[in-house]
Amino acid sequence: MEKNQLGDILNFYRDLGVEYLNIKLKKEKKSSKNTFFYLEKLKREVENCKACELYKTKKHYVFGDGNPNADLMFIGEAPGANEDEQGLPFVGRAGKLLDDLLKEIGVERKDIYIANCLKCRPPNNRDPQESELKACRSFLDNQINLIKPGVIVTLGRFALMQLLGNDKKITQSRGIVFEMGIYKVIPTYHPAYLLRNPKAIEIFVNDLNVAKKYLRI
Ligand code: URA
């Protein structure tokens, strides 16, 4: 908004007899053009990555997806079969459940950004190895620093450990707001765990609501 537009608006309210305005300023909008450009550049780097052996067995690299201006970012573990097939994160059953539970708190997939610790599928969905997590780490860090979300929700134990350290346990950490530099990190269960343990869905939604409280926009 131009300065004199703001002046006109304030004069308008003053002429109406308003003496005080309680204004909540929105977070300054990041330049989505720049963020988009640098994310695309990083995506091309990922697509040339041979830092571990997983590139040999994957079908597609799964970079990440969503709104480059998101204030809420989710971090999962690694692509599964559906994600490997489509080159997009969380498009299988766990992803559908995540979408449904996001809707319960009034958030849509288009509002968030979602990425994984690993950009390639481990064969037969085995657990990520330490060396693979290390090799992929800088891609995730760069994604976070380009998107600059206010809040990061880690899904499951690998994302929790990748961000907050190997000593963290999901049952003791979930729902807690951790400060990681300028980011608030809130760990919670992985949606695949919820598919096996639907009783934990309520806790998961509570954790999402905690995350929502800390959003800046
Ligand atoms: N599980 C994950 O951790 N990430 C995906 O993208 C899909 C399933």
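**Pockets, ligand site and cavity of the predicted model**

Four helices, α3 (81-86), α4 (93-104), α6 (156-164) and α8 (191-196), each contribute at least two residues to the lining of the largest pocket; helices (H or I, at least four residues) and strands (E, at least two) are DSSP runs, numbered from the N terminus. The structure is a predicted model, in which local features need pLDDT of at least 70 and side-chain atom pairs count only at pLDDT 80 or more, while totals for chains, interfaces and linings use all residues. Residues are numbered from 1 along each chain as its sequence is written, and side-chain values use heavy atoms, with hydrogens and water left out.

The largest pocket holds about 560 Å³ of space. A pocket here is an open set of points on a 1 Å grid over the protein atoms alone, with protein on both sides within 12 Å along at least five of seven lines, whereas a cavity is a set of points where a 1.4 Å probe fits but cannot get out; lining residues have an atom within 4 Å of a point. Grid points are joined across faces, edges and corners, and a volume is the space filled by probe spheres set on the points. Of the 26 residues lining the largest pocket, Glu77, Ala78, His190, Ala192 and Arg196 lie nearest its centre. The lining comprises 11 nonpolar, 8 polar and 7 charged residues, where Ala, Val, Leu, Ile, Met, Phe, Trp, Tyr, Cys and Pro count as nonpolar, Asp, Glu, Lys and Arg as charged, and the others, Gly among them, as polar.

It is this largest pocket that the ligand takes up, given that more than half of a molecule's atoms must lie within 2 Å of the grid points. Around the ligand stand Gly76, Glu77, Ala78, Glu83, Pro89, Phe90, Asn116 and His190, each with a heavy atom within 4 Å of it. This shell divides into 3 nonpolar, 3 polar and 2 charged residues. A ligand oxygen lies 2.7 Å from a polar backbone atom of Glu77, and a ligand nitrogen is 3.0 Å from a polar backbone atom of Ala78. At Asn116, a side-chain N or O atom is 2.8 Å from a nitrogen of the ligand. The protein covers 91% of the 230 Å² of accessible area that the ligand has on its own (Shrake-Rupley method, 1.4 Å probe).

The second largest pocket has a volume of about 190 Å³. Its lining numbers 14 residues, with Glu40, Lys43, Gly64, Asp65 and Tyr113 closest to the centre. Both α2 (32-46) and β1 (65-66) supply at least two lining residues, and α2 gives the most, with 4.

A search of the whole structure finds 1 cavity of 30 Å³ or more. The largest cavity has a volume of about 110 Å³, and nearest its centre lie Cys49, Cys52, Tyr61, Cys120 and Cys136. Helix α5 (residues 130-147) gives the most to this lining, with 4 residues. By class, the cavity lining has 12 nonpolar, no polar and 2 charged residues.

Notes:
A polar contact is a pair of N or O atoms within 3.5 Å; within protein, one must be able to donate a hydrogen and the other to accept it, and residues adjacent in sequence count only if both atoms are side-chain atoms.
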